[in-house]
Amino acid sequence: MSSFRNRLIVFVVLVIAVTVVSVVAVGRAWYREPTHNAKAPAAGRASLARMVSSPHVIFRSTHDDGTYGRLVVGSLAHPGGARAATRLECDRVDFAAGRGICLHANHGVFTRYVSAYDAIIFDSAFRPLRKFNLGGLPSRARMRSDGRMAAYTIFVAGDSYAARTFSTRTYLVDTATAKPIVQLERFTVRKDGKVFRNIDFNFWGVTFERRGDGFYATLGTGGKAYLVHGHVGSRTANVVAGVPPFVECPSLSPDGTRIAFKRRIEHGLAPVTWQIAVLDLRTKHVTLLPEKRNVDDQVEWQDNSHLLYGLGEPNAAETDVWRVNADGRGKPQRVLTGAWSPSVVSGYTLPVG
Amino acid sequence: MYTSIRTIPAAAARRRARRGRIGSNVFLLGLVSLFTDLAQEMVTAVLPLYVTFQLGIGALGFGLVDGLYQGSSALLRLIGGLVADRGGRHKQVAATGYGLSTVSKFGLVASAGTVVPFTGFLVLDRLGKGVRTAPRDAMISLSADEGVLGRAFGIHRTLDTVGALLGPLVAFILLAQIPHGYSTIFVVSAGVSVIGLAILLLFVRNPKPAEAEPQAIEAPKVSARAAAALLRRRDVSSIVIAGSVLGLMTVSDGFVYLVLQHNADLDPRWFPLLYLGTALFYLALALPFGNLADRVGRARVFLGGYVALVAMYVLLLNSSPGALLVLACLALLGAYYAATDGVLMALATTCIPERLRSSGFAIVTTATSTSRLVGSIAFGAIWAAFGPAASVQVFLVGLAVALPLTAISLRRGLPKPA
């Protein structure tokens with residue numbers, strides 16, 4: 001029948017239109033993709049040595065200048081100043097005492113079926129020492145101040161009976177062997193002195209104490225986010241009493257007296273947003289910081305009175321690093337453009353070789 | 001009384017008498033599902049990446065949406081089924097459901113970057129899925145002869161699964177080329193979705209149910225009351241009860257993978273491979289099991305699926321399974337899905353009058369999926385209190401007891417050649 005012919009014509013035209021639109025969209029995006037720029041050369045040894053000799057910051061570059069996605073050394077004293085790009089590619093990075101951890105997502109074909117998320121342990125000259133598979137989407141990374149232990153959090157899909165949600169897993173790893181020491185989910189948790197256990201336990205955002213084997217982290221369960229204080233040796237953690245249950249991604253100040261975190265704010269059906277705040281560990285007083293935008297980052301202490309965090313427009317490849325006073329005074333300032341996941345490092349001499 | 005030939009309208013009688021004809025509608029609806037699922041899975045596959053890296057929502061706030069749509073989806077499914085049966089508008093209602101999902105893809109493109117409408121469009125897609133399932137299955141059941149219904153549903157589910165497996169592949173090929181090309185993926189997904197909807201609108205014929213046959217003597221009127229009255233029929237109620245009771249003892253696959261992961265101490269990176277493995281077994285077995293159901297009886301194959309599930313529970317009790325055992329579990333799980341999903345619809349077809357096909361299917365699927373959800377929550381609760389081994393044991397015993405009882409009830413409820 002002729003009407004079948006007409007319908008077939010309509011269908012063919014539609015298929016052609018869809019194909020053309022798709023090809024154009026893919027092509028346009030391909031040309032805009034920052035990672036398709038010619039790669040900028042990695043900085044030479046001399047400039048790298050100069051950059052790391054004084055206090056500096058290392059971070060993920062989100063600049064569309066050929067360094068996109070790479071680990072870069074910069075200075076907080078001169079926001080627009082010199083930068084030295086390394087060869088490492090990192091989504092999250094942290095560094096202490098000559099050891100760094102870099103979490104990297106390869107956006108590859110098999111990401112869904114066999115995870116292509118890696119962690120790299122690197123030395124003070126940014127040479128990779130160890131590499132291991134992450135098994136999930138990188139979320140947070142922290143190095144202990146002695147450089148011997150690192151913690152990282154990943155997102156794992158399909159962990160729940162409500163299919164297609166995903167949960168977090170947090171591991172402590174020995175940086176010398178790159179072998180996981182323990183998964184936080186295996187820790188015995190106590191709340192008000194009693195053992196606390198739930199199937200929906202999720203841990204994320206470890207921050208280490210400067211001395212000993214203590215750490216803080218977030219324990220998520222039943223829609224609440226508790227601050228827990230754990231000990232690696234005994235595999236135990238306690239919910240910190242007197243702290244409201246909305247402390248996510250804690251970050252311990254260098255003097256160990258305060259915890260910067262992102263405070264969860266619910267919006268009914270809309271996704272939650274976060275505001276950064278500082279908790280005094282002694283008085284349990286919470287100070288909200290004058291940053292009104294949604295911050296989804298584990299805050300980094302620049303020193304005992306300043307905080308650094310990443311911010312970006314949704315759906316934009318570029319992000320910036322901002323600074324705010326930890327006491328809640330003053331206004332946020334942009335300190336690094338095209339940067340993400342800052343890690344503050346004191347100066348050292350670049351090793352030979 | 002429904003088995004007596006005199007009460008069956010001519011078209012239905014033809015479908016019942018003839019053997020082996022599967023209308024082109026079945027393949028076309030399979031293609032509609034293939035493209036729609038491909039489009040959907042493209043989005044689903046990159047969602048975790050997109051949400052965390054681009055939107056910065058943080059994964060945990062996201063689960064909320066998932067739980068929310070369950071209830072509204074069930075209600076919409078029942079309403080959709082009823083509207084579809086009124087005047088036999090299966091195609092129109094299915095098109096509305098597929099249309100909602102297509103619109104939601106364009107919504108994702110338009111709202112890329114802003115958080116609130118983005119989640120709204122995800123919900124819209126799932127509501128669309130709720131609306132379309134029953135009338136689509138009704139069209140499949142009305143487009144094939146009764147002797148080959150199992151095969152017809154097998155064909156449809158196979159094509160559907162092909163789409164679900166291709167989606168992530170297409171998405172990640174694109175993402176490998178354009179690491180920030182999420183909105184591009186949404187554009188392509190919207191296009192693919194349009195093709196699926198176009199096949200439905202342009203080529204799928206709305207199968208005429210019995211209402212066109214005035215000689216139908218006991219043709220029930222289409223109303224909510226008539227649909228509810230289906231439950232008073234012995235055959236329908238025995239199917240609904242079987243589906244619900246067995247569904248209550250069914251662990252969702254997410255939990256199966258969790259138990260495997262827990263017992264085998266599996267690296268989390270293999271987790272997605274468990275999904276893939278199950279889907280491949282489902283893909284391979286859906287058609288053979290459909291054929292088998294046509295030959296040896298649908299109730300038998302349906303119950304056989306649950307025997308596979310019992311066997312899988314037994315394997316899950318092994319506290320340190322090797323790779324082979326894990327594979328066997330996935331094979332049994334895939335076999336369970338292949339033997340129950342489409343086959344249940346084929347089984348229900350034989351007892352639900354054509355005029356109430358969509359609403360009848362909606363009732364059956366709502367009952368089974370709701371009881372499965374309850375079962376999963378119970379499984380999680382037992383796990384939390386007594387550990388994974390205890391919850392598997394409880395479900396094993398429960399299913400082993402329920403299975404023979406359901407078999408007896410199905411045997412009593414269904415007409416002889418089940």
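**Chain B, burial and make-up**

I looked up burial in chain B first: of its 418 residues, 62% count as buried. I took a residue as buried if 20 or more other C-beta atoms lie within 10 Å of its own, as exposed if 12 or fewer do, and as partly exposed in between, with C-beta atoms placed from the backbone. The model is predicted, and local features need pLDDT of at least 70, side-chain atom pairs count only at pLDDT 80 or more, and totals for chains, interfaces and linings use all residues. Residues are numbered from 1 along each chain as its sequence is written, while chains are lettered from A and ligands numbered from 1 in the order in which they are written.

I then listed the secondary structure of chain B and found 15 helices and zero strands. Helices (H or I, at least four residues) and strands (E, at least two) are DSSP runs, numbered from the N terminus. For contacts in chain B with a separation of 6 or more, I noted that 86% come from residues 24 or more positions apart. Two residues are in contact here if their C-beta atoms, placed from the backbone, lie within 7 Å.

**Chain B, domains**

I noted two domains in chain B, domain 1 at 5-212 and domain 2 at 224-413; the bounds come from an automatic or database domain assignment. Between them, 37 residues of domain 1 of chain B are in contact with 33 residues of domain 2 of chain B. On the domain 1 side, α3 (63-85), α5 (115-142) and α6 (149-177) of chain B each supply at least two residues. I recorded α6(B) as giving the most to that side, with 13 residues. Ala, Val, Leu, Ile, Met, Phe, Trp, Tyr, Cys and Pro count as nonpolar, Asp, Glu, Lys and Arg as charged, and the others, Gly among them, as polar.

**Chain B, a helix pair**

I checked α10 (253-264) against α13 (323-349) in chain B: they pack at an angle of about 170°, with axes 11 Å apart. Axes are lines fitted to C-alpha atoms, for helices over the stretch in contact, and angles run from 0 to 180 degrees between N-to-C directions. That makes α10(B) roughly antiparallel to α13(B), a term for angles over 145 degrees, with under 35 being roughly parallel, 65 to 115 roughly perpendicular and the rest oblique. B:Asp253, B:Val256, B:Leu260 and B:Ala264 in α10(B) meet B:Val326, B:Cys329 and B:Leu333 in α13(B). I sorted the residues of this contact into six nonpolar, no polar and one charged.

**Chain A, sheets**

I traced an open, antiparallel sheet of four strands in chain A, in the order β22-β23-β24-β25. Strands pair if DSSP finds at least two bridges between them. β22(A) and β23(A) (306-312) pair over two bridges, and A:Trp301 has A:Leu307 in β23(A) as its bridge partner.

I also traced an open sheet of six strands in chain A, β13-β12-β17-β16-β15-β14, with mixed pairing. β13 (194-196) and β14 (202-208) of chain A are its edges, each with a single partner strand, so one side of each has no neighbour in the sheet. The twist averages 35° from one strand to the next. Within this chain, β15 (214-221) and β16 (224-231) pair in the antiparallel sense over eight bridges; A:Thr218 has A:Leu227 in β16(A) as its bridge partner.

**Chain A, one residue**

I found A:Thr168 in strand β10 (166-174) of chain A. A:Thr168 is buried, with 25 other C-beta atoms within 10 Å.
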